[in-house]
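Subject: Handover of a protein structure

Dear colleague,

I am passing the structure below to you, together with an account of what was found in it. Please look through the sequence and the model before reading on.

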Amino acid sequence: MSLPPSTATTASSLCNLANDILTSPHYTRELIHRHFTTTNTTTTRRRRIDYSPIHSQRQDSFSTAPSSSSDNDDDEDYPERNASIRMNPKSISRDILPGNLTYKIDLRTEERRLVHVDRAHGHFWMLKELRDTNDKPILANDSLIPAESAQLIPPLRDLTRLTGQTVHFPDCLIRDADAAKSCTLVTISYKDYGFKLLPSWIDPFTAAFLQKPSNASLLQVAVTEGGMFRNLLKPLVLRGMKGNTPTEQHDSFLTYFGDTEDWRDRLRMHNTMTGYVILVDGFGRVRWM
């Protein structure tokens, strides 16, 4: 869900949903095998994950895309997107197609044509959207996404912990022990504004689960897009992150430098000004956003 919550009740509800996962019945062996393909390379619990690039569809493939008034009108047309995410009907993001394209209507001819979202709504459309949606381009799920229909968090390679270790999504979120009763709160930010909103969610979750032994965990992900940052300023940005993050949190703080447009599209995180919170179960599936 995009940040911040309107009341403390929303963060409290998130903790209740996390507790539902932690206290859920154990899955049967048949149900686990129905969800995952296993391999005996190293252990029978390792999953075979597809890390092939997520290619944006070409513009001409959208020329006949239908318009719809539903919250998730792209789910059937673009199956790579997570179908359980609820878009705010007031948001600009709701109508964005893969490739950051959207339809623009010519006021004179009433012709619809596909253009980049910046061209259709202006360079500052993200700020306008946050104002129009009260900082919520995505609406929170009312309850846990059923385990049977929950989708894996999209693959993303080469995230780096502040300790220096390289990890991948969803591998680092999948538990080999007690997966059915484990969960991780994943927070994602792209800009400083969104990062500053995250404590509204992190603090209640930490108080509920992380100050005592439990199968709950927290991962904070800071994404820096753009070649200039990746090539020139990465050491400086990393030094600042390490200095501003308590040492005991370095292992749970992940950084990513590079383009994530296709990955963001799968999770409908089109607006990079805000922050996002995802509850992932021990099998790496998105159970709430």
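The notes that follow go from the overall make-up of the protein to individual residues.

**Overall make-up**

Please keep in mind that this is a predicted model. The protein contains 8 helices and 11 strands. Of its 289 residues, 48% are buried. Among the contacts with a separation of 6 or more, 73% are made by residues 24 or more positions apart.

**The nonpolar cores**

The largest nonpolar core has 27 residues. Phe169, Ile188, Ile278 and Met289 are the residues with the most contacts inside this core. The elements that contribute two or more residues to it are the strands β5 (156-161), β6 (166-169), β7 (183-189), β8 (216-224), β9 (253-257) and β10 (275-281). Another core, of 21 residues, lies apart from it and includes Phe209, Ala216, Val277 and Trp288.

Leaving aside neighbours within four places in sequence, Ile278 is in contact with Ile153, Thr184, Leu185, Val186, Ile188, Leu267, Val286, Trp288 and Met289. Val277, a member of the other core, is found in strand β10. Val277 has a relative accessible area of 0% and is therefore buried. The C-alpha atom of Val277 is separated by 9.4 Å from that of Ala140, a residue 137 places away along the chain.

**Aromatic rings and charges**

The structure holds 4 aromatic pairs. One of them is formed by Trp201 and Trp288, whose rings are 5.7 Å apart from centre to centre, with 55° between the planes, and the pair is tilted. Trp201 belongs to helix α6 (residues 199-210) and Trp288 to strand β11 (residues 286-288), so the pair ties together parts that are 87 residues apart in sequence. Both partners are buried: Trp201 has a relative accessible area of 1%, and Trp288 has one of 2%.

Two arginines lie over aromatic faces. Arg112 is placed over the face of Tyr103, 3.9 Å from the ring centre. Arg264 is placed over the face of Tyr190, at 5.7 Å from the ring centre.

**Thr102 in strand β2**

Thr102 is located in strand β2 (residues 101-105). Because its relative accessibility is 3%, under the 20% limit, Thr102 counts as buried. A polar atom of the Thr102 side chain lies 3.3 Å from the backbone oxygen of Asp95. Not counting residues up to four places away in sequence, Thr102 touches Asp95, Arg113, Leu114, Val115, Val117, Ala120 and His121.

**Helix α4 and what follows it**

Helix α4 (residues 125-132) has Trp125, Met126, Glu129 and Leu130 as its buried residues. These residues cover an arc of only 140° around the axis, which puts them on the same side of α4. Among the elements that cover them are α3 (117-121) and α5 (192-197).

After α4 comes Asn134, with a positive phi near 55°. Asp135 also has a positive phi, of about 65°, although it is not a glycine. Asp135 is placed in the loop between α4 and β4 (138-139). With a relative accessible area of 14%, Asp135 is buried.

**Further backbone features**

Most residues other than glycine have a negative phi, and most peptide bonds are trans. Against that background, two further sites deserve mention.

At Glu110, phi is positive, near 60°, in a residue other than glycine. Glu110 lies in the loop between β2 and β3 (112-116). Is Glu110 buried or exposed? Glu110 is exposed, with a relative accessible area of 65%.

The peptide bond from Phe169 to Pro170 is cis, with omega near 5°. Pro170 is in the loop between β6 and β7.

With kind regards

Key: Residues are numbered from 1 along each chain as its sequence is written. This is a predicted model: local features need pLDDT of at least 70, side-chain atom pairs count only at pLDDT 80 or more; totals for chains, interfaces and linings use all residues. Side-chain values use heavy atoms; hydrogens and water are left out. Helices (H or I, at least four residues) and strands (E, at least two) are DSSP runs, numbered from the N terminus. Buried means under 20% relative accessible area, exposed over 50%, partly exposed in between (1.4 Å probe, protein chains only). A polar contact is a pair of N or O atoms within 3.5 Å; within protein, one must be able to donate a hydrogen and the other to accept it, and residues adjacent in sequence count only if both atoms are side-chain atoms. Contact means heavy atoms within 4.5 Å. Rings of Phe, Tyr and Trp (its six-membered ring) pair if their centres lie within 6.5 Å; planes under 30 degrees apart count as stacked, over 60 as edge-to-face and the rest as tilted. A charge sits over a ring if NZ of Lys or CZ of Arg is within 6 Å of the ring centre and within 35 degrees of the ring normal. The arc is that of the directions from the helix axis to the C-beta atoms. A nonpolar core is a set of buried Ala, Val, Leu, Ile, Met, Phe, Trp, Tyr and Cys residues joined through side-chain atoms within 4.5 Å.
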